[in-house]
Number of protein chains: 2
Amino acid sequence: MIQDISSQILKGILQGIMLLILDQQPEYGYGLGRKLNDYGLVAIPKGTIYPLLTTMEKRGLIEGRIQSSPAGPDRKYYFITAAGITAKNEFTNEWRQLENVVNKLLDKESKK
Amino acid sequence: MIQDISSQILKGILQGIMLLILDQQPEYGYGLGRKLNDYGLVAIPKGTIYPLLTTMEKRGLIEGRIQSSPAGPDRKYYFITAAGITAKNEFTNEWRQLENVVNKLLDKESKK
DNA sequence: TTTCACTAGTTTGCTTTACAAACTAGTATT
DNA sequence: AATACTAGTTTGTAAAGCAAACTAGTGAAA
């Protein structure tokens, strides 16, 4: 069963996760929401996803291009930029450090 | 060499980390800053640490008791409460899920 | 044919988080 | 007396997450 992950714990990490996904292949907002869901992040609200994509585009990390859908409204596909790849790599490093810190603490706890 | 972890990536996670530390033993704000540093989290500013401790106390997760220092100003030691332990366990679960999602993506990336 | 469901995106306003900066104050060393 | 280190509070700002309200296209059922 997939429990939900509180918004708090996601703060700031969502951008990194999105960069990792977009580095695999371009995606549009709605599809990204579904993909996030598939990865185990239950129902990231669109009030979070869309504004974040807009902000990331302003930062030059991704680029949106509107493409028509085979069925339904147009989609805005986002492509990762060179700056986005740099940011993705920075995120990866920071993530590994954070993971290390938390896991050291969890280890300590399990040995109590 | 320890790189620093950007504030963004820490958002919301710091509370969980602090609960894990305080579950080991009571600490005061200043000492917590040093401990965080020792764990590899470079220089978490006191403008972050102290207000967060206050908020956590308001939430009933920890309790502060002033104790005199052998040398220097008084210290406010924080003790984890029963509610704090519950919150710590919730954080642990959420952390493991998040870790799983990010690592799945990092795996995918390494296989590109 | 109009109503519903699903898809797709934008914008507004609110709450919380992180934090720099300014402040107070005790102890210790030079 | 001045400086450095320790210890904590308070204020104001920016950014993040998100609910909610809105627009709008497609397709199927009624």
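A residue counts as buried when its relative accessible area is under 20% (1.4 Å probe, protein chains only). The model shown in these views is predicted.

**View 1. Overall make-up of chain A.** By the buried criterion, 46% of the 112 residues of chain A qualify. Chain A has five helices and three strands, and its elements follow the order α-α-β-α-α-β-β-α from the N terminus. Along the principal axes, the C-alpha atoms of chain A fill a box of roughly 55 × 35 × 20 Å. The accessible surface of chain A is about 6000 Å², with 50% of that area belonging to carbon and sulfur atoms.

View 2. Over all chains, the structure holds five aromatic pairs. In one of them, A:Trp95 and B:Trp95 have ring centres 5.2 Å apart and planes at 20 degrees, so the pair is stacked. A:Trp95 belongs to helix H5 (residues 82–110) of chain A and B:Trp95 to helix H5 (residues 82–110) of chain B, so this pair joins two chains. A:Trp95 is buried because its relative accessibility is 0%; B:Trp95 is also buried, at 0% relative accessible area.

**View 3. The aromatic cluster around Trp95.** One aromatic cluster is formed by A:Phe91, A:Trp95, B:Phe91 and B:Trp95.

**View 4. Arg65 over Phe79 in each chain.** In chain A, the charged end of A:Arg65 sits over the ring of A:Phe79, at 3.9 Å from the ring centre. In chain B, the charged end of B:Arg65 sits over the ring of B:Phe79, 3.9 Å from its centre.

Methods: Residues are numbered from 1 along each chain as its sequence is written. Chains are lettered from A and ligands numbered from 1 in the order in which they are written. This is a predicted model: local features need pLDDT of at least 70, side-chain atom pairs count only at pLDDT 80 or more; totals for chains, interfaces and linings use all residues. Side-chain values use heavy atoms; hydrogens and water are left out. Rings of Phe, Tyr and Trp (its six-membered ring) pair if their centres lie within 6.5 Å; planes under 30 degrees apart count as stacked, over 60 as edge-to-face and the rest as tilted. Helices (H or I, at least four residues) and strands (E, at least two) are DSSP runs, numbered from the N terminus. Buried means under 20% relative accessible area, exposed over 50%, partly exposed in between (1.4 Å probe, protein chains only). A charge sits over a ring if NZ of Lys or CZ of Arg is within 6 Å of the ring centre and within 35 degrees of the ring normal. Accessible areas come from the Shrake-Rupley method with a 1.4 Å probe; for residues, only the protein chains shown count as cover.
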